[in-house]
2 protein chains.
Amino acid sequence: MKKKPPIQHSIHDLARRLNLSPATISRVLNNHPHVHKETRSKVMAMVEKVGYRRNAMASGLRSNKTNTVGLIVPRISMFFHAEVITTIQNELHRHGYHLVICQSNDSLEVEKELTRTLYASRVAAVIASCTLFTTDFSHFDVLTENNIPVIFYDRVPIKPYPACIIKGDDYRGGYLATTHLLEQGCRRIAYISGPLTCSVYVDRFAGHRQAMQEYDLPVSNNRVFYQELTAENARKAMKQLFSKKPYPDAVFAANDVSALEALHFAKEMGVSVPDDLKIVGYSNDPRSAIIAPSMTTIEQFPTNTGKTIVAELLKLLKEYHGQHTAGVASYPTIVTAVELIRRRSS
Amino acid sequence: MKKKPPIQHSIHDLARRLNLSPATISRVLNNHPHVHKETRSKVMAMVEKVGYRRNAMASGLRSNKTNTVGLIVPRISMFFHAEVITTIQNELHRHGYHLVICQSNDSLEVEKELTRTLYASRVAAVIASCTLFTTDFSHFDVLTENNIPVIFYDRVPIKPYPACIIKGDDYRGGYLATTHLLEQGCRRIAYISGPLTCSVYVDRFAGHRQAMQEYDLPVSNNRVFYQELTAENARKAMKQLFSKKPYPDAVFAANDVSALEALHFAKEMGVSVPDDLKIVGYSNDPRSAIIAPSMTTIEQFPTNTGKTIVAELLKLLKEYHGQHTAGVASYPTIVTAVELIRRRSS
DNA sequence: AAATTCCTCGCAACCGTTTGCGTAAATAAA
DNA sequence: TTTATTTACGCAAACGGTTGCGAGGAATTT
């Protein structure tokens, strides 16, 4: 049993062992030109031998660069986000970056704290999907002011903000879902929306309204709910909808959790889906495919979203790295496609 | 429109503005005693004013301490892990630590790389749930040898390894599920297991076997499958099981994805569940509750697991911080409870 | 009033890497 | 051979905080 003392190797150790200077070791590790081939391989051999790993803090401190990207997301358990995150992480990994994943739990306070923390660790960039209640985005200023690029996705700022924005086509999603229900003959369509403090729900609602308008139907206030999209809230909304006639003939829910709960409620009430009530959800959660009847929903193509985010991010990183263009940088808004998935519930 | 130049404030800036030394600023930020109350509040005011945030890299470099904990997990999209992670993150946050979440995607190579990366950033500790195929754990040595505590959970080392281990009671889970099926009168029980390179499947299988043995039933080789627990593989297994009589009268699957696919297959085949075939899954994935018929499964109490992990972690951090006890530290193995949830599928 | 203690704060070295500058040796050009 | 150029490497100063040591001043003791 060897008793290895817990030595943290530094380039000074390596230098001593090889009769070289720390500078040369550093140059080898950074693939600088102008180091002799033989020296390089000697160094690499020693690196392997002692299992040296560059201290990321020292490196980052000196070079003022990190290869860590921060991500802020409401919760990783949401299917859409889990998929996006996985894609981002895999893509970034291919380009030598690491990802720090943080959850805000839909708390504005936590989100604020996270931006500060990510700034403190001087991440190379930040990707963020905001809380439901983030209407003021000034806590991201500490990042943008210090030339740390920010990319918002999915839940993005409603007001103009100097950052790249990548969002699903929520307007179209809302429009497609509602139009689909209208085409099925529904005329008393209820809509369970998220709070209108959040970009995605603003857009989905606009799409919904547009579709209703095209059929000359009013968006009646007692058939629309603005609430956090939990199962409990969905149940409350359904109770109210079915508290007095005329009952709605369709429910469009702005996420699948609500749609699934609506379906559950309908089953309990003995309301036949899709005959007496048609339901459409949003996000294509895996549950929506396996429930009976299977749930019509909107596919958001999370993998595609993830790839788009990373592509833009890499552009930004190059841009920022090139020069400190004070605010001249372009902040594109990219809208990614969505698609209606027709299933049995409608 | 103010044009703030992108200044990264340092304690030197603050010191200059306040006619103090950087040392004093540092002491204020670290809550050292022996700083004058008035000075302290002046400094804090300035910190607030300019939005100063301590550079984590510089701090970590000098003090050789970080408040970042690394987490390696096969995939965040697995329900159990998503829940555990969320709990860990919330708990750690309360104690001033941050969590870096990394996915191995069940790739041993990625897992190895991640341990090196986490070592490079000198995290305070690492929490890991291994890939399906990790049987050699020497890539974690770089951490333990450098006094970075490691906690394994769920998928833990099979061989002895000097680290804290926190695992669900998989033996009991396998036993409970199988016994339940036996009590329902099943005698031709098929078992869809994960590969036996992975601790959890070893234990679940042992529990399964024990239950079978208590009923004097053999564990017939052509009713047991060792495979990655994907829907595709589950389907293949089901095809084989139903390729010739006698058909099994029950399927116990070591995760819910497989169990759900088994149910799906049975429906397609016109096999009535639970009348002709009973099915039990593992993990209490949300899908198992909403499918029809709802799926009997094993609850693992992920929140409880997460809390246990953090509790142990904090102990370890204190311990390591106190002194460099070379290997004298105790490495407890903690087994957390599981529970059978009876539903309609059995 | 002198001596002692305590409080408050500055000095400066250090953490591990990076990098501009300088220099010696090797090579190419004159 | 001399001069100019290139190559290979070392020196030393940063990067932003932390912390042991020591000094000056105020408060306390004798």
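Modeller: Helices (H or I, at least four residues) and strands (E, at least two) are DSSP runs, numbered from the N terminus. By that rule A:Asp216 is found in the loop between α9 and β7 (224-226) of chain A. This is a predicted model, in which local features need pLDDT of at least 70 and side-chain atom pairs count only at pLDDT 80 or more, while totals for chains, interfaces and linings use all residues. Residues are numbered from 1 along each chain as its sequence is written, and chains are lettered from A and ligands numbered from 1 in the order in which they are written.

Biologist: Why is A:Asp216 called exposed?

Modeller: A residue is buried if 20 or more other C-beta atoms lie within 10 Å of its own, exposed if 12 or fewer, and partly exposed in between, with C-beta atoms placed from the backbone. A:Asp216 has 6 other C-beta atoms within 10 Å, so it is exposed.

Biologist: Which residue of chain B has a positive phi although it is not a glycine?

Modeller: B:Asp106, with phi of about 60°. B:Asp106 sits in the loop between β2 (98-103) and α6 (108-120) of chain B. It has 17 other C-beta atoms within 10 Å and is therefore partly exposed.

Biologist: Which residues of α9(A) are buried, and what covers them?

Modeller: Among them are A:Tyr201, A:Phe205, A:His208 and A:Met212. The cover includes β5 (164-168), α8 (170-183), β6 (189-193) and β8 (250-253) of chain A.

Biologist: Is A:Thr144 buried or partly exposed?

Modeller: A:Thr144 has 19 C-beta neighbours inside 10 Å and therefore counts as partly exposed. It lies in helix α7 (residues 141-144) of chain A. Leaving aside neighbours within four places in sequence, A:Thr144 is in contact (C-beta atoms, placed from the backbone, within 7 Å) with A:Val150, A:Pro162 and A:Ala163.

Biologist: Why is chain A called more spread out than a compact globule?

Modeller: Chain A has 13 helices and 12 strands. Its radius of gyration is 26 Å, well over the 20 Å that the globule rule gives for 346 residues, so chain A is more spread out than a compact globule. The radius is taken over C-alpha atoms, and the rule is 2.2 Å times the number of residues to the power 0.38. Along the principal axes the C-alpha trace spans about 90 × 55 × 35 Å. Of the 346 residues, 46% count as buried.

Biologist: What makes chains A and B related as by a two-fold rotation axis?

Modeller: A rotation of 180° with 0.0 Å of shift along its axis superposes chain A on chain B, with an RMSD of 0.1 Å. The copies are thus related as by a two-fold rotation axis. The superposition is by least squares on the C-alpha atoms of residues with pLDDT of at least 70 in both copies.

Biologist: How do you know that the copies meet through the same surface?

Modeller: 100% of the interface residues of chain A are also interface residues in chain B, so the surface is the same. The contact takes 41 residues from each of chain A and chain B. On chain A, elements giving two or more residues include α5 (79-94) and α6 (108-120).

Biologist: Which residues come nearest to DNA strand C?

Modeller: A:Ala23, A:Arg62, B:Ser21, B:Ala23 and B:Arg62, of the 28 residues around DNA strand C. A residue is near a strand if its C-beta atom, placed from the backbone, lies within 6 Å of it. For DNA strand D there are 27 residues, and the closest are A:Ser21, A:Ala23, A:Arg62, B:Ser10 and B:Ala23.

Biologist: Which peptide bonds of chain B are cis?

Modeller: The bond from B:Val273 to B:Pro274 is cis, with omega near 10°, and a cis bond with omega of about -5° joins B:Ala292 and B:Pro293.

Notes:
Contact = placed C-beta atoms within 7 Å.
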